Number of protein chains: 2
Amino acid sequence: MAAERTAHDLIAEHRPTLDRTLEAISTRAYWSPHPEHPKAYGENGSLSMAEGKAAFDALLGTRLDLGQPGTDDFVGGEVSPYGVELGVTYPHADIDVLLPAMRAGLRAWREAGAELRAAVCLEILARISARTMEFGHAVMHTSGQAFMMAFQAGGPHAQDRGLEAVAYAYAEQVRTPDAAEWSKPQGKRDPLLLTKSFTPVGRGIALMIGCNTFPTWNGYPGLFASLATGNAVLVKPHPRAVLPLALTVQVARDVLAEAGFDPNLVALAAERPGEGIAKTLAVRPEIKIIDYTGSTEFGDWLETHARQAQVYTEKAGVNTVVIDSTDSYKGMLSNLAFSLSLYSGQMCTTPQNLLIPREGISTDEGPKTYDEVVADLARSVGGLLGDDARANALLGALVNPDVKARLDAAASLGEVALPSREVANPDFPDAVVRTPAMVKLDGARKFWETADTEAAYMSECFGPVSFAVAVDSTADALDLLRRTVRDQGAMTVGAYTTSEEVAGAVEEVCLEECAQLSLNLTGGVYVNQTAAFSDFHGSGGNPAANAALCDGAFVSNRFRVVEVRREAVAS
Amino acid sequence: MAAERTAHDLIAEHRPTLDRTLEAISTRAYWSPHPEHPKAYGENGSLSMAEGKAAFDALLGTRLDLGQPGTDDFVGGEVSPYGVELGVTYPHADIDVLLPAMRAGLRAWREAGAELRAAVCLEILARISARTMEFGHAVMHTSGQAFMMAFQAGGPHAQDRGLEAVAYAYAEQVRTPDAAEWSKPQGKRDPLLLTKSFTPVGRGIALMIGCNTFPTWNGYPGLFASLATGNAVLVKPHPRAVLPLALTVQVARDVLAEAGFDPNLVALAAERPGEGIAKTLAVRPEIKIIDYTGSTEFGDWLETHARQAQVYTEKAGVNTVVIDSTDSYKGMLSNLAFSLSLYSGQMCTTPQNLLIPREGISTDEGPKTYDEVVADLARSVGGLLGDDARANALLGALVNPDVKARLDAAASLGEVALPSREVANPDFPDAVVRTPAMVKLDGARKFWETADTEAAYMSECFGPVSFAVAVDSTADALDLLRRTVRDQGAMTVGAYTTSEEVAGAVEEVCLEECAQLSLNLTGGVYVNQTAAFSDFHGSGGNPAANAALCDGAFVSNRFRVVEVRREAVAS
């Protein structure tokens, strides 16, 4: 039986982690409580890799009945990018029943206070952490990520981002004390005395709209930020990536109930094919907060139409790497090759446009022409992915047919410097696995050209496609970078240069256009990866996203503070 | 000559005040560095009351040339609610010249960093503080506030709110360190090392749209929050209340220039009669932040149309006082009488609807019927304002003819319990001075009634009009309170009760509907007054305002943090 744990127990158990997290986000030094090595799992109550696989297998073909009110049906039809039919069904809600039920527990959740809410959130994360290996398979078979990445990005890294959001939410709420005695001197008369109380009050029900590629990593920040600030959270997963978030909801409901709260504070909104429930939910008056990761089109729709809610969006962007010069040519090539290959370029942070001066660059191996750089980078990618086993482990599978269609179309955009290669996956023959393609484009705007070339590199081509864009000079590269970030947005910017002057100029563009910059990465850190507690994911200041993970702005408007003041009697 | 002060000097001078402010907003105990007694002025370089008057008089009929780029004309036509033609003219800008000029100083302002920006803001506030008496007259002769109130609310209290915003802005920016060393263990391999820098980056140009009644008090929070977070600020005053903000801009430009920054980081946008420049400015792409206090209609317009900007609005609301019972009947009556009278009810925080049970209330003077409470309160207001000198000192003047028209129309809405009285102002014969009116209305919704009665008390009747609304019970009062806050918004809620149960129920309504509550005020604190560093002004969680003064949410999205990371070499 699940023993009810008291608030005191929960706080005692999780307060040290909360404090350590608060320290980490203030120093931004490395830290994580969630191990990213598989060997760390299988002890202390966590599932081992084998147990995680078995737990996932046991889920296939089952009904995940979350015990939600207003369930009028069970729906589901996920097919893994690896070809496996998951066969899991989930509750389909009558939202006119579910939404009021979600509001019922809000008062007790508010009265719990910021610290207990944080402890409950940390308990949810701890339970998820123990099932990391199971979640890894769930993320793999919805996103198409290879297992190691699915386990790491969908497990510890996602949990880190959730924990980070809880810490920010907690810190924000306790900036104002619970109570204050206010005594204003009145000269010779008695002072004016007031007793004041301050209560953080959530806004109501938050809607978290999940994405296909990173259901937990992109979903947890909003989910936990809203929950920790006193809101209920309705989780609307991507129809092709329900399982990881349904399991998350299940754990959250269990923990809430065991802690004496209404489990309906967290609920799932699964949908029938083509139902498009996100649009319906997003404009319901009960929905006060929306977190969304996905297309610019729907993100813009939400910002325009869901005016009753605070809307946090991560949309499309065009990520650029400026290649000016390097003192580690091999390091640069291998670093970029990895960045372009990881998860088949299906990360919102994957570089797309590589801006290379037409006359070439200087390197520690002597000058390299534009063509040489492109050829060497193509070779580097080819080498990295030459072995099929390694290629499968890095690339994962294409998440949906649209990505494959974009990849197929890319070859017609320009001269193909690196053709995409089909890779067989012996374990999952139906998986669509492709190595990244690289296409040469000319970045100079010549008056006799049509706008087609520019249209190619000035829009997001989500998937394993990059453009080696020839520019007249590094100065032109910076102009193009500025224009790209300003008009299209960017989650990441990379640059390689040995010149402090150029580095300063790139930095200035990034500061002015509000983009996160990685300089001269040649080792084991990649431009497309950010670490919770230290790196910001997105800036919130360019069109790719209106929020960053994670900062004060991400949490501070998810609740308001209500003050009650009354006259105090002089003591 | 104005000696250039170094950054070091400015920080050394103002850091203690900044630190003390940071402490105050975290304890929310009483504090203010800005004296509210007139006798405190005239020393330490500040203008005395007489000097302030002389300085104001010297401004009349002059051209306030701020030296702004793109000035194509000088405009102005303020007529004091006291009848005085100010005759001051201000630069009218060609915004296609002014806006680019305002952007020119942004880089240096960003590079100054959060601490120096805060120090510059505090220097601006200190210079304004020294001229408080002059500002008092400027606020009096634009808002119609009586001098003592104009001096206090427009002087020290406004400066407090500005300082509070600077402190929040500073605290928010330094939550992330300037730099971090990040070292991630890699088992037996060398750790991954990164050097990271974090820079708060303002969003661009902020637009502060001032209001007629509290040009400085409502204007300073947005102005200083934006400036302190690295933005330039364009101040668009209400056409009838330009002078206090023009003087503010003048001081800010002087201080910026003396500190070595571009004075165009703060500029004024005065307009010709009927030009309606706010609508034009609000949708300019350069404008990234808007602060607005005024009508719901224009606030909603801004939120709908100025989508390129962060929009902070304080709009109309309907403030309620629930009268259930009291153990200080006289105290309650005198407290309410003052609240209703101050500045002729022209505060966004003035109570409008007094909800009184039809069968009466219990008091320390025995039971009082609804009619008795209303008559006693009317008598209390009458007594407070019986003396014309005192009435003038409390009421000030009606700010514009619309207020008078609403007051005149109020008598037709129901039985007049307290008629408005015309008060002569011997110093300013043209001033329109009126005591507040109180009208009896029935708050019960009867099916045979038209909706006219409800329409009266369910919309804001800005000015010296209150409604004594008879309700069937305190429970009905709470229902009406909830409905009023939810539908119309409220800046304040008051309640009188001796029952802890009723107090708890009122508190619960305020928590759920997100309204700031004052309980049982019978002494020298009034529901319409809030103190910076301790009280929140508005909640940001009901339709009256989407932001509160001041909290993390008010500042955190006025800037973004840009990170630059590069590989570090192991030491």
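## Exercises on the contact between chain A and chain B

**Exercise 1.** In this predicted model, Glu507(B) and Arg566(A) have their closest N and O atoms 3.9 Å apart. State which kind of interaction the two residues form.

*Solution.* Step 1: a salt bridge needs a side-chain nitrogen of Lys or Arg within 4 Å of a carboxyl oxygen of Asp or Glu. Step 2: the closest N and O atoms of Arg566(A) and Glu507(B) are 3.9 Å apart, and the pair forms a salt bridge. Step 3: the count between chain A and chain B is 18 salt bridges. Step 4: the side of chain A that touches chain B takes the most from strand 19 (residues 559–567), which gives eight residues.

**Exercise 2.** Describe the extent of the contact between chain A and chain B, and say which residues of chain A lose the most area.

*Solution.* Step 1: chain A brings 77 residues to the contact and chain B brings 77 residues. Step 2: about 6,200 Å² is buried between the chains, with 47% coming from carbon and sulfur atoms. Step 3: in chain A the most area is lost by Arg175(A), Arg560(A) and Arg565(A), together 12% of what that side buries.

**Exercise 3.** Find the sense in which strand 18 of chain A pairs with strand 21 of chain B, and name the bridge partner of Ser518(A).

*Solution.* Step 3: within strand 21 of chain B, Arg565(B) is the bridge partner of Ser518(A).

Conventions
Residues numbered from 1 in each chain as written. Chains lettered and ligands numbered in written order. Predicted model: local features only at pLDDT ≥ 70, side-chain atom pairs only at ≥ 80, totals over all residues. Heavy atoms only, no water. Contact = heavy atoms within 4.5 Å. Buried area = accessible area lost by both parts, 1.4 Å probe. Helix = DSSP H or I, 4+ residues; strand = E, 2+ residues; numbered from the N terminus. Pairing = 2+ DSSP bridges.
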